[in-house]
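Dear colleague,

Please read them alongside the coordinates.

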Amino acid sequence: MARQTAQTSAQRQQKASGRESAHQRHQDGETEEIAIPQFFNTTFSTHRVSPLYAGTQKLDQARLDRLAHRLRDTLVGDVVRGVQIGLEATDTPMGQVGPLKAVTFRWFRATDVLGDKTSEGGDELADEQNKGLWIELRHENAAYVALLLPGLSQSKKVSNRPTASQFLHLPLLLLRMPQPLKAVIGEWLSATFDCRVTKLNLGTRTLVNVLEGWLQGTGLPRADSDLVLTLAFNAPVTDKGREAVLPSSGDVGDNDDDEENEATEPGLRSMEISVSASDLRRFLRAGKALQKSKRAASNTASTVSSNKASWEHDDIERRRLAGPHIDDGWGWLKGKDAPPYPLMEALAHHLDHHMALNLFHPGVRVTQISCGGFVLSQSRIKIVKTGDVTEDLSKAAWMFVTLLGERLQNNRMSLGT
């Protein structure tokens with residue numbers, strides 16, 4: 001009888017432990033499902049963050065939960081009233097996001113989100129380069145996220161990384177939320193971690209590098225997706241135009257001044273160039289041939305042409321025409337060690353021949369690129385995923401993050417950001 005009681009007690013304990021294990025597995029399963037943020041098919045705005053001061057305490061999940069509670073208190077307090085007014089104007093269902101349900105902070109692995117980096121032949125990432133911080137604000141009818149990513153780079157040496165363990169180096173901040181809420185999150189991060197959050201504006205060089213790298217890494221976009229480039233122009237009013245609009249003493253109060261001012265304003269602000277997917281292959285072939293001919297011509301040329309524009313051999317004039325953003329101006333195309341841009345080379349030749357437009361003029365800049373695989377503008381990024389994360393897509397995603405990381409780590413590019 002005692003043996004039977006002991007067996008029954010053991011069976012009950014076994015069943016209880018089995019239920020606890022099943023419950024634990026269920027919890028673990030839920031955790032695994034929600035522990036990876038959605039990166040693909042999501043439009044993020046790009047921001048930069050200075051090193052975050054975490055202090056001497058370990059930033060474990062318990063401390064992250066406390067920080068999430070503090071952020072929730074901020075959002076449901078007086079601050080949220082100003083935010084809620086802005087949220088009503090967003091494209092949420094019926095203009096309302098509903099009450100705030102939860103605020104969560106979690107660590108995530110970049111390889112889980114972007115794919116395994118070792119599959120592209122690179123070295124295995126260190127833990128500090130593979131960890132990112134995920135902030136999620138879940139309302140009744142909407143969810144907003146903030147992703148803090150490490151500053152990855154193709155070079156093994158990472159510049160400007162704080163050596164003190166009290167600092168976290170997560171310089172790339174991706175936000176998907178309304179503008180009023182972005183301001184609140186930026187101020188909260190600045191106050192909590194003693195850091196600086198600023199908008200990251202991507203210039204022509206970064207956008208073009210992403211496009212050319214995407215075509216080399218993943219190939220041409222889908223047959224039903226055209227490539228669309230948006231060009232903008234630094235076209236200030238010339239001195240002659242300014243002289244024309246200056247009124248004389250007898251013209252003061254003349255109603256024709258407004259018409260004259262309007263006529264001298266630059267008319268072309270931006271333009272879109274669309275290249276069909278069927279023509280991209282021919283553009284790439286033509287661009288490679290043009291680059292070979294240009295290299296051959298530069299090797300045989302002994303003198304510099306005297307009829308070149310002044311900015312061709314004057315860096316100061318080039319910078320004046322390009323504007324304040326160091327990423328613009330096409331100055332990196334100069335020299336024998338200039339990177340190959342076959343698509344840009346072919347497109348520049350095509351525009352010069354048919355429209356007499358010099359794409360490589362310092363005043364011309366690329367502001368947005370859209371194709372079947374991604375959309376990238378000066379302050380927004382979206383990578384499209386139609387099925388599972390393939391090796392090519394993972395490689396392209398890492399290329400995106402790496403180029404953005406290099407953009408952040410280059411102190412010379414601080415202007416215009």
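Contact, in what follows, means heavy atoms within 4.5 Å. Please bear in mind that this is a predicted model.

On that definition, and leaving aside its neighbours within four places in sequence, Phe 39 is in contact with Phe 44, Val 113, Leu 114, Leu 147 and Leu 174, as well as with Ile 383, Ala 397 and Val 401. Phe 39 belongs to the largest nonpolar core, which has 61 residues, and together with Leu 231, Met 344 and Leu 359 it touches the most other members. Helix 13 (residues 391-409) supplies the largest share of this core, 10 residues, while domain 1 (42-155 + 163-199) and domain 2 (204-236 + 268-294 + 312-378) each contribute at least three. Apart from this core lies another one, of 32 residues, which includes Val 49, Phe 105, Leu 133 and Leu 189.

Turning to helix packing, helix 2 (residues 61-76) and helix 6 (residues 179-193) pack with their axes 11 Å apart and at an angle of about 135°, which means that helix 2 is oblique to helix 6. Their crossing is right-handed, and the residues that meet there include Leu 67, Arg 70 and Leu 71 from helix 2, with Leu 181, Val 184 and Trp 188 among those from helix 6.

Gln 291 sits in helix 10 (residues 277-300) and counts as buried because its relative accessibility is 11%, the cut-off being under 20%. Residues up to four places away in sequence not being counted, Gln 291 touches Pro 340, Tyr 341, Pro 342 and Glu 345.

With best wishes

Terms used: Residues numbered from 1 in each chain as written. Predicted model: local features only at pLDDT ≥ 70, side-chain atom pairs only at ≥ 80, totals over all residues. Heavy atoms only, no water. Core = buried A, V, L, I, M, F, W, Y, C linked by side-chain atoms within 4.5 Å. Buried < 20%, exposed > 50% of the residue type's maximum accessible area, 1.4 Å probe, protein only. Helix = DSSP H or I, 4+ residues; strand = E, 2+ residues; numbered from the N terminus. Domains from an automatic or database assignment. Axes fitted to C-alpha atoms, helices over the stretch in contact; angles between N-to-C directions. Parallel < 35°, antiparallel > 145°, perpendicular 65-115°, else oblique. Left-handed = near helix turned anticlockwise from the far one by under 90°.
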